[in-house]
Amino acid sequence: MRMWMVDPKLMCHQHLLGEHVELHMLTAWIVSGKKVDGWALNNCLEPKAIGARHRQLAAEMMKRGYQHLSPLRQPVVAAHQYPHVRVDNAAALAELQRRCKACCNLSNQIGTLVIAGM
Ligand SMILES: [Zn+2]
Ligand SMILES: [Zn+2]
């Protein structure tokens, strides 16, 4: 599981839809009482930002003409949990561009390629 936390405009369809699905899976996981510490402590996700992130991704999906019929509410995460967890979105963007040609091309068009020349 991974929240990329990059500007949704810079994500290809596959990664946009993929992160969106993972947010729903994550929420179900947390609501059922399972822990997400492994991912959170590796800074792969921010459990407290799930609701806000989902709104961003859903808005971008609708802009691209996808129907979004899956409302999501921020799952309850205790205030004291994960105090220092934070996804490094600059590093995540570089990683996404390295892994995915479509994301890379998209960023290139918009002019935000992090690893230009690599
Ligand atoms: Zn959704
Ligand atoms: Zn991609």
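Student: Which residue follows α3, and what is its phi?
Tutor: G65 follows α3, and its phi is positive, near 90 degrees. Helices here are DSSP runs of H or I with at least four residues, strands are runs of E with at least two, and both are numbered from the N terminus. This is a predicted model, in which local features need pLDDT of at least 70 and side-chain atom pairs count only at pLDDT 80 or more, while totals for chains, interfaces and linings use all residues. Residues are numbered from 1 along each chain as its sequence is written, and chains are lettered from A and ligands numbered from 1 in the order in which they are written.

Student: How many residues does α3 have, and how far does it reach?
Tutor: It has 14 residues and reaches 20 Å from its first C-alpha to its last, close to the 20 Å expected at 1.5 Å a residue. That expected span is 1.5 Å times one less than the number of residues.

Student: Which residues of α3 are buried?
Tutor: I50, R53, H54 and L57. Seen down the axis of α3, these buried residues fall within an arc of 100 degrees, so they line one face of the helix. The arc is that of the directions from the helix axis to the C-beta atoms. Buried means that 20 or more other C-beta atoms lie within 10 Å of the residue's own; exposed means 12 or fewer, partly exposed is in between, and the C-beta atoms are placed from the backbone.

Student: What do the buried residues of α3 pack against?
Tutor: They pack against α1. Contact here means that two C-beta atoms, placed from the backbone, lie within 7 Å. L23 is in helix α1, and it touches I50, R53, H54, L57 and L72, not counting residues up to four places away in sequence. L23 and I50 are 27 residues apart in sequence and 6.5 Å apart in space, C-alpha to C-alpha.

Student: Why does L23 count as buried?
Tutor: Because L23 has 23 C-beta neighbours inside 10 Å.

Student: Changing topic. Which residues of α5 are buried?
Tutor: In α5, residues 101-110, they are C103, C104, L106 and S107. They cover an arc of only 165 degrees around the axis, which puts them on the same side of α5. On the other side, K101 and Q109 are exposed. The cover over the buried residues of α5 includes α1 (13-31) and α4 (89-99).

Student: Which members of the largest nonpolar core touch the most others?
Tutor: Of its 20 residues, W4, V6, L10, M11, L45 and C103. Two or more residues come from each of α1, α3 (50-63), α4 and α5. Such a core is a set of buried Ala, Val, Leu, Ile, Met, Phe, Trp, Tyr and Cys residues joined through C-beta atoms within 7 Å.

Student: What does M11 touch?
Tutor: W4, V6, L16 and C103, not counting residues up to four places away in sequence.

Student: How many helices and strands in the protein?
Tutor: Five helices and zero strands. Of the 118 residues, 25% count as buried. The C-alpha trace spans about 45 × 30 × 15 Å along its principal axes.
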